[in-house]
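Hi everyone, thanks for coming.

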Amino acid sequence: MNKVIVDIPGLLKTLKSGSLTIACKIISTLLCLVIGPSTYASGLPAYPNARIELAIDESRQNHPIITNRMKRVNGVVTSDGAQWLDGHLIRDLYFLPPGHSSNQGYEFYVSLLQGEGVETLFECRSFSCGASNFWANDVFDISTLYGQDKEQAFYIGKKLNTFYTVYAVRRGNGRIYTLVDIFKPHDYEMERTIEQDAGNNVFRLESGKSGIEKSSDLASFVTNMNIDSSMNALLIIHSTVPDTLAELDTWQNKMEVLQENIVQHLNEQGISESRLRFNISIGTEDNSLDPGTTPSFGLEIVPLN
């Protein structure tokens with residue numbers, strides 16, 4: 001082990017000479033050499049100047065994987081498409097320094113994960129996430145995360161066989177917390193998840209014409225329709241829950257344009273509009289729209305006779 005020798009008398013003389021700033025830098029550097037950088041359970045860097053409130057590294061049973069907003073149905077808190085899996089959980093909970101927002105904590109980790117190639121499965125902000133107490137008490141079981149519904153954001157993504165979750169919230173007392181989860185299901189759980197996904201005919205589709213033309217899922221649908229001339233289909237366009245009436249109007253208009261573009265594209269591929277039926281469903285999509293980017297929607301294809 002390398003030894004670090006500090007000439008304390010020399011530093012004291014430096015302090016007495018008035019070079020306080022230089023002496024502090026020297027002491028700070030020496031402390032870094034002795035103590036080393038802080039590491040947390042997730043292996044991800046800590047939010048600048050944040051305080052770690054909770055660190056977990058353990059096996060979990062029935063860990064919730066949430067890919068839609070939380071809601072209460074007949075007195076039971078639930079989420080469409082939720083899975084409860086066994087696996088290993090790494091969790092860090094950060095208390096952000098004063099003057100920082102829940103959005104800053106959220107963006108810090110989401111940007112970091114996306115930069116590492118994590119694929120977004122679902123995200124929501126503000127009221128579109130549902131009630132904060134659902135997330136705090138029913139999903140994470142951390143009462144500290146119960147905060148203002150307007151000042152919350154949730155993200156879940158996946159890379160290989162690992163799920164990454166970020167939840168940020170402002171409490172009523174103004175304190176900001178950001179939670180980071182890394183959950184790796186056991187192999188037998190992933191096999192079950194793959195089987196479930198195989199029967200899922202919902203896929204993301206960008207609203208522009210280029211998104212339609214580049215969609216491999218839609219291309220497969222076209223191939224099947226051309227092979228089986230007796231096949232018809234119901235196409236359901238899904239969106240997330242809007243936060244405002246203005247968003248509702250905007251998304252509905254975009255979904256109607258998307259429907260027209262899909263019909264035109266399928267006609268060009270030799271599929272008659274008479275074989276198709278459409279439905280626009282607002283508030284049922286698992287993947288949220290990112291403000292400021294080209295919106296994407298969910299397209300569900302239901303084969304009919």
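Let me start with a question: the charged end of which residue sits over the ring of Phe 95? The residue is Arg 175, and its charged end lies 5.2 Å from the centre of that ring. Keep in mind, please, that we are looking at a predicted model.

Now for rings that pair with rings. How do we describe such a pair? We give the distance of the centres and the angle of the planes. Searching the whole structure turns up nine aromatic pairs.

Take Tyr 47 and Phe 108: their ring centres are 5.1 Å apart and their planes stand at 70°. An angle over 60 degrees counts as edge-to-face, so that is what we call this pair. Is each of them buried or exposed? Tyr 47 has 7% relative accessibility, so it counts as buried, whereas Phe 108, at 28%, is partly exposed.

Helix H3 also takes part in another pair, through Tyr 109, whose partner is Tyr 94 in strand E4, 15 residues away in the chain. Here the rings are stacked, with 5.6 Å from centre to centre and 20° between the planes. Tyr 94 and Tyr 109 are both buried.

Finally, look for a cluster: ring pairs link Phe 122, Trp 135, Phe 140, Phe 154 and Tyr 167.

Note on methods. Residues numbered from 1 in each chain as written. Predicted model: local features only at pLDDT ≥ 70, side-chain atom pairs only at ≥ 80, totals over all residues. Heavy atoms only, no water. Phe/Tyr/Trp six-rings, centres within 6.5 Å; stacked < 30°, edge-to-face > 60°. Buried < 20%, exposed > 50% of the residue type's maximum accessible area, 1.4 Å probe, protein only. Helix = DSSP H or I, 4+ residues; strand = E, 2+ residues; numbered from the N terminus. Lys NZ or Arg CZ within 6 Å of the ring centre and 35° of its normal.
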